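Hello,

Here is the structure I promised to pass on to you. Have a look at it first, and then read my notes below.

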Amino acid sequence: MKGMEYAILRQGLGVKRLSEDACGPWYFCVLVKHPSFGYFLYDAGVGPADDTFRRPESHMQYGLLSIPREEYLDKALPAIGVSLHEIKAIVISHCHWDHIGGLSFFKGTQAIRNVYVPRDDFKHGLFQSHRTAKGYMEPCDFYYKWNFDVEGAEFHMIEDDVELFPDVEFKLLKGHTPGTLAMILHLENRVVIFPSDTIPRSENYKDPENRIHPTTIDVEAFRESVRIVKTLQKKYNADIIFPHDDGFYTGYTARFEK
Ligand SMILES: [Zn+2]
C-alpha cells in the first residue's frame with residue numbers, strides 16, 4: 001500500500017545474551033503508520049520494571065536483566081515523534097511477557113480498548129496465569145496475570161487468518177504457543193513478514209529439522225509453520241524479520257521504513 005511505513009522499536013539493546021541457546025536480547029515491537037487507519041502497534045514489548053522486580057526472581061534466567069529506560073514504549077514512541085494517544089490499536093502476536101507487558105503504558109488511551117489477541121493463546125495464557133494466587137506458573141511459561149489484568153483493556157479475539165487493516169494480514173502459526181499471530185505488511189514496493197516467536201531466529205527457519213528453539217512447545221507444528229512462511233516468502237519475494245536474531249544493532253535508532 002502506498003504510503004504505509006513501519007518502525008521497529010527495540011528493547012534490550014546492548015545487553016549480552018545469557019547463553020547460546022537463550023533468546024537474543026532484542027525484544028521488539030513494530031509501529032505501523034497506516035495511510036487509512038492511522039498508527040497501530042504489533043506487540044507492546046516489555047512492561048515497566050520487567051527487568052527488575054515485576055517478574056519473579058526464579059524467572060529472571062529466562063530473559064534479560066537490564067533494559068535502558070529510554071527503550072520502553074512510553075519513551076520510545078515520543079522519541080520517534082508519536083504520542084501514545086495517537087496509537088489506535090495494538091495487535092499482540094501472543095501473550096508472553098515480552099510481547100504484552102507494555103500494554104500497561106496505554107492505560108487511558110484509545111489503544112487500550114482496541115487490543116487484538118490470538119484467541120487460543122489468550123485462553124491458554126489466562127488459564128495458566130489465573131490458576132494460582134501468585135499469578136504465574138513454575139517453571140516459567142512466560143504468562144503473568146498482571147499482563148492480562150490491565151485497567152481499561154478490551155481484548156478482541158482473532159480466531160482465523162485475517163486482513164485486519166487494508167494490506168495488513170495476520171496469520172495464525174502454531175508451535176511456539178497454541179496460536180501466534182504473524183504479521184504480513186504489503187508495503188508499496190515490497191512485502192515484509194514478521195513471524196514473531198514461532199520462528200525466533202533465522203537459524204530455526206533455515207534448518208527446522210535440527211535447529212529447534214527451546215521455547216518451541218510443538219515441534220511438528222513449528223515445522224509446518226516454517227513451511228507456511230516459506231511458501232509466503234516465495235510468493236511475495238518477501239523479507240522476513242526474525243524477533244530474536246542478534247547482531248547488527250549497535251547504535252540502532254528507530255526510524256520509519258517503507
Ligand atoms: Zn514468546
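**A helix across a sheet**

Helix H6, residues 219-236, lies across strands S8, S9 (180-186), S10 (191-194) and S11, and runs at about 170 degrees to S10. Please keep in mind that this is a predicted model.

Now for the sheet itself. Five strands make it up, in the order S7-S8-S9-S10-S11, and it is an open sheet with mixed pairing. At its edges are S7 (162-165) and S11 (239-240), each of which pairs on one side only.

S7 and S8 (residues 168-173) run antiparallel and are joined by three bridges. Val 162 has Phe 170 in S8 as its bridge partner, while Phe 165 stands opposite Val 168 in S8. How many residues lie between the strands in this hairpin of S7 and S8? There are two, and Asp 167 takes a positive phi near 65 degrees in the hairpin.

Finally, zoom out to the protein chain. Its secondary structure comes to six helices and 11 strands. The radius of gyration is 17 Å, close to the 18 Å that the globule rule gives for 258 residues, so the chain is as compact as a globular protein of that length. The C-alpha trace spans about 50 × 45 × 40 Å along its principal axes. Of the 258 residues, 42% are buried. Among contacts with a separation of 6 or more, 66% are between residues 24 or more positions apart.

Enjoy exploring!

Notes. Residues are numbered from 1 along each chain as its sequence is written. This is a predicted model: local features need pLDDT of at least 70, side-chain atom pairs count only at pLDDT 80 or more; totals for chains, interfaces and linings use all residues. Two strands pair if DSSP finds at least two bridges between them. Helices (H or I, at least four residues) and strands (E, at least two) are DSSP runs, numbered from the N terminus. Two residues are in contact if their C-beta atoms, placed from the backbone, lie within 7 Å. Axes are lines fitted to C-alpha atoms, for helices over the stretch in contact, and angles run from 0 to 180 degrees between N-to-C directions. The radius of gyration is taken over C-alpha atoms; the globule rule is 2.2 Å times the number of residues to the power 0.38. A residue is buried if 20 or more other C-beta atoms lie within 10 Å of its own, exposed if 12 or fewer, and partly exposed in between; C-beta atoms are placed from the backbone.
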